[in-house]
Amino acid sequence: MSRLLARKRSAGRSERCCSSSSSLSPGKLTLLCDAKTDGSFLMHHFLSFYLKANCKVCFVALIQSFSHYNIVGQKLGVSLTAARERRQLVFLEGLKSAVDIFFRPQEEPHPLQFLREANTRNLQPLYEFVREALKPTDEEEAAWRCPVLLVDDLSVLLSLGVGAVAVLDFIHYCRATVCWERKGNIVALVHDSGDAEDEENDILLNGLSHQSHLILRAEGLATGFCKDVHGQLKILWRRPSQPTAPRDRSLTYQYKIQDKSVSFFAKGMSPAVL
């Protein structure tokens, strides 16, 4: 997974780079999940990774502004402004769109149309936006490697009153178009509130987990804050379409977020401990 798993220290303090081939394999759904920590660094990694890989990217950003992602992207070696100008990146800025939609005529279609409708279960306009954004053209067929949909984050839709079933339907239709029809990939972030009474969040998280090929779960440390170890990352490789395949593989690393990168190491192998 290229720079995301850029470094792992074992007991012998050896280092190796992990393969990025799985992230570029077509037809994959990657689920990013964070619990008691901020997992946005995972989304920033995949955004910069796919732009550098020359993929056509549709980014549905519901949690931060374009300028925020652009500033972080520049630290990771990519310019979202340049990518948008050359039509490699289609960016839906949810924070800005959520305000603009109330000042538009009712008849004008909008990806976040559900915000001004009584029926908040209808995410078809948002799906239509994704479908058109990643619609191949004769010029772009040769220019871009594969289409990619990034969503940051799906939990916001639940907070806006959209039901978990409607969000799962939205992802299902996006998978049918992006993954199966156009041989692309989807990466979506979901926040795990840890609240046993939050049934909608549990339905969404469990439903996406069963469909995903790769699950990256960032968790805060059970012991609390530590300046040298910011959390742990659980990696689970799954085979949702192959019930008779060998059992899923999983790994767990601890990590430290730095200004322009993230360091990963085995449990108890932080440089501050050794």
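This note goes through the structure point by point, from the whole chain to single residues.

1. **Ground rules.** This is a predicted model, in which local features need pLDDT of at least 70, side-chain atom pairs count only at pLDDT 80 or more, and totals for chains, interfaces and linings use all residues. Residues are numbered from 1 along each chain as its sequence is written, and side-chain values use heavy atoms, with hydrogens and water left out.

2. **The whole chain.** The chain has 10 helices and nine strands. These are DSSP runs, numbered from the N terminus: helices are H or I with at least four residues, strands are E with at least two. Of the 274 residues, 47% count as buried. Buried means under 20% relative accessible area, exposed means over 50%, and partly exposed lies in between (1.4 Å probe, protein chains only). Now take the contacts with a separation of 6 or more: residues 24 or more positions apart account for 66% of them. Contact means heavy atoms within 4.5 Å.

3. **The buried side of α6.** Which residues of helix α6 are buried? In this helix, residues 124-133, they are Leu-126, Tyr-127, Val-130 and Ala-133. They sit on the same side of α6, because they cover an arc of only 130° around the axis. The arc is that of the directions from the helix axis to the C-beta atoms.

4. **α6 against α9.** The two axes come within 10 Å and cross at roughly 20°. That angle makes α6 roughly parallel to α9. Axes are lines fitted to C-alpha atoms, for helices over the stretch in contact, and angles run from 0 to 180 degrees between N-to-C directions. Angles under 35 degrees count as roughly parallel, over 145 as roughly antiparallel, 65 to 115 as roughly perpendicular, and the rest as oblique. α6 passes α9 in a right-handed crossing. A crossing is right-handed if the near helix is turned clockwise from the far one by less than a right angle, and left-handed if anticlockwise.

5. **Who meets whom there.** From α6 come Leu-126, Tyr-127, Val-130 and Arg-131; they meet Phe-170, Tyr-173, Cys-174, Thr-177 and Val-178 of α9. The residues of this contact of α6 with α9 divide into seven nonpolar, one polar and one charged. Ala, Val, Leu, Ile, Met, Phe, Trp, Tyr, Cys and Pro count as nonpolar; Asp, Glu, Lys and Arg count as charged; the others, Gly among them, count as polar.

6. **α9 against α10.** α9 also packs with helix α10 (residues 199-211), at an angle of about 25° and with the axes 8 Å apart. That makes α9 roughly parallel to α10. The crossing of α9 past α10 is right-handed. On the α9 side, the contact is made by Ala-164, Val-167, Leu-168, Ile-171 and Arg-175. On the α10 side are Glu-200, Ile-203, Leu-204, Gly-207, Leu-208 and Gln-211. The residues of the contact of α9 with α10 divide into seven nonpolar, two polar and two charged.

7. **Ala-61.** Is Ala-61 buried or exposed? Ala-61 lies in strand β2 and counts as buried, because its relative accessibility is 0%. Leaving aside neighbours within four places in sequence, Ala-61 is in contact with Tyr-69, Phe-91, Leu-92, Glu-93, Gly-94, Leu-95 and Asp-152.

8. **Lys-183.** Lys-183 lies in the loop between α9 and β5 (185-191). Lys-183 counts as exposed, because its relative accessibility is 52%. Not counting residues up to four places away in sequence, Lys-183 touches Pro-26, Gly-27, Cys-146, Pro-147 and Val-178. Lys-183 and Val-148 are 35 residues apart in sequence and 9.2 Å apart in space, C-alpha to C-alpha.

9. **Backbone points to check.** A cis peptide bond joins Asp-152 and Asp-153, with omega about -10°. Asp-153 lies in the loop between β4 and α8 (155-159). Lys-36 is not a glycine, yet its phi is positive, near 60°. Lys-36 is found in the loop between β1 (29-35) and α2 (40-52), and is exposed, with a relative accessible area of 80%. Asn-54 is not a glycine and has a positive phi of about 65°. Asn-54 is found in the loop between α2 and β2, and is partly exposed at 35% relative accessible area.
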